[in-house]
Amino acid sequence: MGIEMAVFAALLVVMALVLIYTLKTGISPHPTSPSVKAALLAALPERLEGDVFELGSGWGTLAFPLAARLPHCRVEAFELSPLPWLVSRLRLLFQPLPNLAIHRRDFHRAPLGGAALVTCYLHPEGMERLKAKFEAELAPGTWVLCNAFAVSGWTPYAEWIVQDWRRSKVYLYKV
Ligand SMILES: C[S@@+](CC[C@H](N)C(=O)[O-])C[C@H]1O[C@@H](n2cnc3c(N)ncnc32)[C@H](O)[C@@H]1O
């Protein structure tokens with residue numbers, strides 16, 4: 001009975017933690033689906049050089065394949081929610097990728113100036129706030145790859161509709 005209560009209490013803490021950070025950031029750490037992940041990887045610009053910033057990296061669903069696909073680029077992943085961050089850090093121990101760094105940090109506090117590519121999967125209000133940061137910090141020529149939500153008012157360099165049940169969209173921009 002003691003162990004059952006401990007497991008139940010631990011589960012409650014985990015769920016509460018995820019919920020608190022979902023409310024704080026405005027989005028749950030739900031991962032990119034396999035079909036959208038494939039579309040994002042296929043949308044990567046050719047001959048990309050420099051740093052890649054994955055903003056809100058969740059469980060690492062996109063950060064790991066990005067780092068594996070772009071071994072010559074440094075992938076800086078930012079995640080605020082402690083549990084997904086911890087899980088992705090543990091995953092990095094078992095699946096080491098020397099070019100991947102996962103930070104527990106609010107990406108709004110991270111300077112984006114050195115990025116060659118920025119990726120994000122957020123929500124409309126989050127994209128609106130990011131747009132101001134992008135316009136203030138991203139250098140001309142920086143690529144921005146968005147899952148599901150567009151940067152309002154920007155003209156995409158390319159966009160795709162994924163053949164999933166949601167007909168998810170992927171947007172690629174060049175600043
Ligand atoms: C929909 S999930 C996407 C996860 C991952 N990018 C993927 O494609 O699977 C969005 C993530 O962004 C994180 N997030 C939202 N705002 C954030 C912020 N300001 N700083 C760091 N992480 C943030 C959330 O905690 C959540 O895990």
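Val75 touches Val52, Glu54, Ala63, Leu66, Ala67, Leu70, Asn99 and Leu100, leaving aside residues up to four places away in sequence; touching here means C-beta atoms, placed from the backbone, within 7 Å. This is a predicted model, where local features need pLDDT of at least 70, side-chain atom pairs count only at pLDDT 80 or more, and totals for chains, interfaces and linings use all residues. Residue numbers start from 1 along each chain as its sequence is written.

**Core**
- Val75 turns up again in the largest nonpolar core, which has 35 residues, and it joins Ala63 and Val118 as those with the most contacts inside it.
- Such a core is a set of buried Ala, Val, Leu, Ile, Met, Phe, Trp, Tyr and Cys residues joined through C-beta atoms within 7 Å, and buried means 20 or more other C-beta atoms within 10 Å of a residue's own.

**Sheet**
- Seven strands make an open sheet with mixed pairing, in the order β3-β2-β1-β4-β5-β7-β6.
- β3 (100–103) and β6 stand at the edges with a single partner strand each, so one side of each has no neighbour in the sheet.
- Strands are DSSP runs of E, at least two residues, numbered from the N terminus, and a pair needs at least two bridges.

**Around β7**
- β7 (residues 169–174) pairs antiparallel with β5 (residues 143–147) over five bridges; Asn147 sits opposite Val170, and Cys146 opposite Tyr171.
- β6 (residues 158–161) also pairs antiparallel with β7, over four bridges, with Ile161 bridged to Lys169.

Terms used
A residue is buried if 20 or more other C-beta atoms lie within 10 Å of its own, exposed if 12 or fewer, and partly exposed in between; C-beta atoms are placed from the backbone. Two residues are in contact if their C-beta atoms, placed from the backbone, lie within 7 Å.
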